[in-house]
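Here's a quick briefing to read alongside the model. Have the sequence and the 3D view open as you go.

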Amino acid sequence: FIVILMMIKTCKAFFKKYIKYFFYIALIIAIKEWADLLRGDGLDLFRLIGSTALAFYFWSLFSGKFEFAE
């Protein structure tokens, strides 16, 4: 049980340290999805909404709008 808690803390620390890079990756994926929509390629609404929401969530964590759960 203690090992699992240590693994969770390590994962959270890694995520906090590299949140900026996760945000940039999610933003690039969201921009790609929107470009596909505007270009007229097939519409995958789930991926479009999901990638956009994920990019906004990472942005809010990165900018401090949301706090990390402890």
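This is a predicted model: local features need pLDDT of at least 70, side-chain atom pairs count only at pLDDT 80 or more; totals for chains, interfaces and linings use all residues.

Residues are numbered from 1 along each chain as its sequence is written, and side-chain values use heavy atoms, with hydrogens and water left out.

**Overall shape**

- The protein has 3 helices and 0 strands, giving the pattern α-α-α along the sequence; helices (H or I, at least four residues) and strands (E, at least two) are DSSP runs numbered from the N terminus.
- Its radius of gyration is 15 Å, whereas a compact globule of 70 residues would sit near 11 Å; the radius is taken over C-alpha atoms, and the globule rule is 2.2 Å times the number of residues to the power 0.38.
- Along the principal axes, the C-alpha trace spans about 50 × 25 × 15 Å.
- Of the contacts between residues at least 6 apart in sequence, 56% join residues at least 24 apart, a contact being heavy atoms within 4.5 Å.

**Helix H1**

- H1 covers residues 2-17, so to speak 16 residues, and reaches 23 Å from its first C-alpha to its last, close to the 22 Å expected at 1.5 Å a residue; that expected span is 1.5 Å times one less than the number of residues.
- The number of buried residues among the 16 in H1 is 0, so this helix lies largely in the open.

**Salt bridges**

- Searching the whole structure turns up 5 salt bridges, each being a side-chain nitrogen of Lys or Arg within 4 Å of a carboxyl oxygen of Asp or Glu.
- Asp 36 and Lys 32 pair up at 2.8 Å, N to O; both lie in helix H2 (residues 19-39), 4 residues apart, or about one turn of the helix.
- Within that pair, Asp 36 is buried at 13% relative accessibility, while Lys 32 is partly exposed at 42%.
- Glu 33 bridges to Arg 47, with the closest N and O atoms 2.8 Å apart. Glu 33 belongs to H2 and Arg 47 to helix H3 (residues 45-63), so this pair ties together parts that are 14 residues apart in sequence.
- Glu 33 is buried, with a relative accessible area of 8%, but Arg 47 counts as partly exposed at 43%.
- Arg 47 also meets Asp 44 in a salt bridge (3.7 Å, N to O), and Asp 44 is partly exposed at 33%.
- Shared partners join Lys 32, Glu 33, Asp 36, Arg 39, Asp 44 and Arg 47 into one salt-bridge network.

**Surface**

- The protein exposes about 5,800 Å², with carbon and sulfur atoms supplying 74% of it; accessible areas come from the Shrake-Rupley method with a 1.4 Å probe, and for residues only the protein chains shown count as cover.
- Phe 14, Tyr 18, Tyr 21, Tyr 24, Leu 27, Ile 31 and Phe 62 make a nonpolar surface patch of about 670 Å².
- Patches are made of residues with over 30% relative accessible area and no salt bridge, joining like charges within 9 Å and nonpolar side chains (Val, Leu, Ile, Met, Phe, Trp, Tyr) within 5 Å.
- H2 gives the largest share of the nonpolar patch, 4 residues.
- Phe 62 sits in helix H3 and is partly exposed at 36% relative accessibility.

Technical notes. Buried means under 20% relative accessible area, exposed over 50%, partly exposed in between (1.4 Å probe, protein chains only).
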